[in-house]
Amino acid sequence: MTEFLAVGDRRIAVERRTGRQPGLFWLGGFRSDMTGSKALALDRFGAQHGLAVTRFDYSGHGQTGGDFDLGTISRWLEEALAVFETTGGPQIVIGSSMGGWLALLLIRELRRRSASRVMGLVLIAPATDMTELMLAQMAKKYRTLLLKQGYVDEPSEYSPDPYRITLSLIEDGRQHLMLGRIIETGCPVTILQGARDKDVPKEHALKLVQHIVNDPVTFALVPDGDHRLSREQDIALLERTIEGLLVD
């Protein structure tokens with residue numbers, strides 16, 4: 001049953017599977033929701049292994065709803081922290097695309113509070129500093145329009161409708177940039193990356209690896225993988241990765 005958690009003026013939809021620890025904590029991507037193929041596969045994996053699983057929708061996404069255009073990294077990080085605080089015991093955090101960036105920001109804030117219970121990170125095509133990546137990949141005409149009207153509607157191969165990118169999202173993202181300094185996680189990190197990913201190129205993911213110098217990092221490149229990494233074989237790789245953390 002879906003429960004709702006109050007975070008500021010938002011009611012965040014949360015799906016929770018009870019089970020043993022370590023729990024699995026899911027952070028979805030930009031415009032994704034907790035009923036996506038990887039999120040549901042994670043829930044099934046939790047059921048098969050008797051593990052607790054926590055999934056939720058950011059504001060402006062899925063069952064949480066609300067105005068997507070109000071979304072910022074600060075806002076979604078606040079929601080992720082609030083939902084994480086409702087979990088108990090050690091957690092394995094799995095973040096996909098933007099969720100990979102939020103996972104790193106989440107653990108940074110938890111470590112700042114000396115309250116991290118994260119025993120492992122699994123990052124799927126992590127879009128670290130996503131807002132700067134978006135801007136770099138944006139056509140010049142769209143960048144001009146973004147500055148002029150405060151938003152731009154870009155075509156997307158994932159939806160028949162364009163994706164709206166707001167200037168507030170880009171500007172807020174600059175408060176949370178991680179690349180350019182050492183990233184401390186305090187736990188093992190596994191990165192699953194598709195070699196054919198056009199949205200988060202493998203070079204961008206490798207740049208992240210170079211910033212995690214004090215924690216063990218495993219980088220798994222899927223030669224024919226795209227950004228979503230949601231095929232049957234990709235899901236199997238994700239499950240093997242989590243199983244490896246459970247054994248450790």
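What covers the buried residues of helix 8? I will come back to that in a moment, after a word on how to read the model.

This is a predicted model, in which local features need pLDDT of at least 70 and side-chain atom pairs count only at pLDDT 80 or more, while totals for chains, interfaces and linings use all residues. Residues are numbered from 1 along each chain as its sequence is written, and side-chain values use heavy atoms, with hydrogens and water left out.

Helix 8 has 16 residues, and from its first C-alpha to its last it reaches 23 Å, close to the 22 Å expected at 1.5 Å a residue, where the expected span is 1.5 Å times one less than the number of residues. I will call a residue buried if its relative accessible area is under 20%, exposed if it is over 50%, and partly exposed in between, using a 1.4 Å probe and protein chains only. In helix 8 the buried residues are Asp234, Ile235, Leu237, Leu238, Thr241, Ile242 and Leu245. Looking down the axis of helix 8, these buried residues fall within an arc of 155°, so they line one face of the helix; the arc is taken from the directions that run from the helix axis to the C-beta atoms. As background, an α-helix has 3.6 residues a turn, so residues three or four places apart point the same way. Glu232, Arg240 and Val247, on the other side of helix 8, are exposed.

Now to the opening question: the cover over the buried residues of helix 8 includes strand 3 (20-27), helix 1, strand 5 (91-96), strand 6 (118-124), strand 9 (189-194) and strand 10 (217-222), with contact meaning heavy atoms within 4.5 Å.

Helix 2 gives us another case to look at. Helix 2 is mostly covered, since 10 of its 12 residues are buried, among them Trp76, Leu77, Glu79 and Phe84.

Next, the salt bridges, each of which is a side-chain nitrogen of Lys or Arg within 4 Å of a carboxyl oxygen of Asp or Glu. By this rule the count comes to 14 salt bridges. One of them joins Arg10 to Glu78, with the closest N and O atoms 2.9 Å apart, and this pair links distant parts of the chain, with Arg10 in strand 2 (residues 10-17) and Glu78 in helix 2 (residues 73-84), 68 residues apart. Arg10 is buried, at a relative accessible area of 11%, whereas Glu78 is partly exposed at 39%.

Another salt bridge brings together the side chains of Arg17 and Asp43, at 2.9 Å from N to O. Arg17 lies in strand 2 and Asp43 in helix 1 (residues 37-49), so this pair ties together parts that are 26 residues apart in sequence. Here Arg17 is partly exposed at 30%, and Asp43 is buried at 13%.

Arg231 is partly exposed, with a relative accessible area of 27%, while Asp234 is buried at 5%.

Let me turn to the nonpolar cores, a core being a set of buried Ala, Val, Leu, Ile, Met, Phe, Trp, Tyr and Cys residues joined through side-chain atoms within 4.5 Å. The largest has 54 residues, of which Leu27, Phe30 and Leu121 touch the most other members, and helix 3 (residues 98-112) provides the largest share of this core, 9 residues. Leaving out residues up to four places away in sequence, Phe30 touches several residues, including Phe68, Trp76, Met98 and Tyr163.

Finally, which residue holds the loop position between helix 7 (202-209) and strand 10 that I want to show you? That residue is His211, which is buried at 15% relative accessibility. The side chain of His211 reaches the backbone nitrogen of Gly180 at 2.8 Å. Not counting residues up to four places away in sequence, His211 also touches Arg181, among others; Arg181 itself sits in the loop between helix 6 (167-173) and strand 9, and at 53% it counts as exposed.

Note on methods:
Helix = DSSP H or I, 4+ residues; strand = E, 2+ residues; numbered from the N terminus. Polar contact = N/O pair within 3.5 Å; in protein donor to acceptor, adjacent residues only side chain to side chain.
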